[in-house]
Amino acid sequence: YLVDKGNHRHFMAKEIHEQPEVVGRTLAHYVDMANGRIALPEALPFDFAKLSRLSITACGTAFYAGLVAKYWFETIARLPVEIDVASETRYREPPLERDGLTLVISQSGETADTLASLRYAKAQGQHSLAVVNVPTSTIARECSVVMPTLAGPEIGVASTKAFSCQLTVLLCLAIAAGRARGTLDAARERALVDALITVPGLMAESVKLEAEVEVLSREIAKARDVLYLGRGTSYPMALEGALKLKEISYIHAEGYAAGELKHGPIALIDETVPVIVIAPHDAIFEKTVSNMQEVAARGGRIVLIGDAKGAADHGLDTLATLTMPDVDPVVAPIVYAVPVQLLAYHTAVFMGKDVDQPRNLAKSVTVE
Ligand code: G6P
């Protein structure tokens with residue numbers, strides 16, 4: 001595997017652009033394409049049907065992948081999920097059932113807090129499953145079962161392709177769990193797999209928004225604060241969008257569940273605060289539109305990352321609309337990762353920041 005920038009200016013750009021390929025490769029590892037079903041690469045030492053809940057722990061971007069997965073496991077497999085950042089899990093010492101399951105997510109497989117939480121869970125008699133990108137890592141070695149992300153080496157400190165590959169693997173796992181628990185039939189599984197198979201192509205299409213994103217980034221670069229909003233799986237995507245922006249551009253950004261706007265962040269809204277709304281046209285789109293109206297009524301400048309149906313529906317003035325291809329709402333987070341990452345990247349590049357090596361951050365945090 002050649003680790004160079006190719007013809008990109010930064011590793012982060014290269015890694016964003018690589019996503020259609022590496023998500024495709026990851027999918028091929030988990031999907032039986034001929035039969036339209038999930039085929040996990042390894043047998044599981046536990047039975048999803050016997051679990052009363054799933055505990056997920058991770059740090060940073062991997063934690064947000066876990067937060068998206070919570071929606072998937074709960075809706076697709078009706079499996080209750082408890083999730084926390086690993087630095088809290090390890091000291092909170094939550095009660096964990098013997099023979100239950102802890103899922104850890106990590107690009108490097110070396111993050112100290114994630115590893116400590118894993119060791120705690122194992123000491124409680126839990127099975128452990130790791131979604132990791134580095135197969136030789138400590139976390140991979142210490143887990144009872146490893147589900148790899150096939151993103152290849154990720155060099156940019158801000159995680160991009162590892163994140164979309166984590167989401168891909170987690171959705172495959174949620175589907176496998178749903179089959180085991182009898183909460184989805186073969187037809188629904190096939191429909192979900194069909195949706196998953198469209199993802200690499202849709203990501204490639206989304207990359208074509210880059211020129212538009214670059215223009216928009218010049219506006220975002222002027223802001224002191226940026227708010228990201230979303231509902232459902234777009235809520236963790238809002239958190240991830242805000243994290244990406246602050247990590248590499250140093251602009252203060254916050255992600256919020258759109259419905260929480262009125263419980264605080266709405267006080268911040270004026271014409272100087274761009275509000276990035278992540279909203280595919282899903283079952284709760286209308287609810288998000290009412291939050292957009294609340295923002296517009298206070299002079300806030302909205303950037304909608306949505307699809308053509310949504311853009312036609314809301315009837316509001318926006319600073320910009322990034323029109324995404326139509327996607328099945330279940331897989332939307334994987335595809336919507338692209339514009340979210342591109343926006344952070346171009347804002348930081350426009351501001352002259354070192355996007356691959358942001359100040360104060362490390363790629364792998366092996367100390368507490
Ligand atoms: C660091 C990186 C983040 C990453 C987090 C978790 O803070 O800068 O990009 O999300 O660690 O790392 P892991 O390797 O466990 O996914």
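Modeller: Gladly, and please keep in mind that this is a predicted model. Let us start with a pair of residues: isoleucine 276 stands opposite valine 303 in S11.

Colleague: What makes strand S10 and strand S11 a pair?

Modeller: Two strands pair if there are at least two bridges between them. Strand S10 (residues 274–279) and strand S11 (residues 301–307) are joined by six bridges in the parallel sense, so they qualify as a pair.

Colleague: Which sheet do these strands belong to, and in what order do its strands come?

Modeller: They are part of an open sheet of five strands with the order S9-S8-S10-S11-S12, and the pairing is parallel.

Colleague: Why are S9 and strand S12 said to stand at the edges?

Modeller: S9 and strand S12 (320–324) each have a single partner strand, so one side of each is left without a neighbour in the sheet. On average, neighbouring strands of this sheet are turned by 15° against each other, direction ignored. Helix H12 (residues 285–297) packs on the sheet, where it touches strand S8 (225–230), S10 and S11, and its direction makes about 170° with that of S10. Helix H14 (residues 332–350) also packs on the sheet, touching S10, S11 and S12, with a direction at about 140° to that of S12.

Colleague: Why does arginine 231 count as buried?

Modeller: A residue is buried if 20 or more other C-beta atoms lie within 10 Å of its own. Arginine 231 has 21 such neighbours, so it counts as buried. Its place is in the loop between S8 and H11.

Colleague: Which residues is arginine 231 in contact with, leaving aside its neighbours within four places in sequence?

Modeller: The contacts of arginine 231 are Ala257, Ala258, Gly259, Ile284, Lys287 and Thr288. Alanine 258 is 27 residues away along the chain, but the C-alpha atoms of arginine 231 and alanine 258 are separated by 5.7 Å.

Colleague: Now to another sheet. What is the order of the strands that begins with S4?

Modeller: The order is S4-S3-S5-S6-S7, in an open sheet of five strands with parallel pairing. Strand S4 (81–85) and strand S7 (145–148) stand at the edges, because each has a single partner strand and one side left without a neighbour in the sheet. The twist averages 20° from one strand to the next.

Colleague: How many bridges hold the pairs around S5 and S6?

Modeller: Strand S3 (residues 54–58) is joined to S5 by five bridges, with threonine 57 and valine 104 as bridge partners. S5 and S6 share six bridges, and S6 and S7 share four. Valine 132, for its part, stands opposite proline 148 in S7.

Colleague: What makes S6 largely enclosed by the rest of the structure?

Modeller: Six of the six residues of S6 are buried, and therefore S6 is largely enclosed. In a regular strand the side chains alternate between the two faces of the sheet. Here His127, Leu129 and Val131 lie on one side, with Ser128, Ala130 and Val132 on the other, and both faces are covered. The chain reaches S6 from S5 through H5, in a right-handed β-α-β crossover.

Colleague: Where do helices H5 and H7 lie?

Modeller: Helix H5 (residues 112–123) lies across S3, S5 and strand S6 (127–132), running at about 165° to S5. Helix H7 (residues 161–181) lies across S5, S6 and S7, at about 140° to S6.

Colleague: Finally, which residues come nearest to the ligand?

Modeller: Of the 16 residues around the ligand, Gly60, Thr61, Ser106, Ser108 and Thr111 come nearest. Helix H3 (residues 60–76) gives the largest share of this shell, three residues. By type, the shell has six nonpolar, nine polar and one charged residue.

Notes. Residues are numbered from 1 along each chain as its sequence is written. This is a predicted model: local features need pLDDT of at least 70, side-chain atom pairs count only at pLDDT 80 or more; totals for chains, interfaces and linings use all residues. Helices (H or I, at least four residues) and strands (E, at least two) are DSSP runs, numbered from the N terminus. Axes are lines fitted to C-alpha atoms, for helices over the stretch in contact, and angles run from 0 to 180 degrees between N-to-C directions. Two residues are in contact if their C-beta atoms, placed from the backbone, lie within 7 Å. A residue is near a molecule or strand if its C-beta atom, placed from the backbone, lies within 6 Å of it. Ala, Val, Leu, Ile, Met, Phe, Trp, Tyr, Cys and Pro count as nonpolar, Asp, Glu, Lys and Arg as charged, and the others, Gly among them, as polar. A residue is buried if 20 or more other C-beta atoms lie within 10 Å of its own, exposed if 12 or fewer, and partly exposed in between; C-beta atoms are placed from the backbone. A crossover is right-handed if, with the strands pointing away from the viewer, the path from the first strand over the helix to the second runs clockwise.
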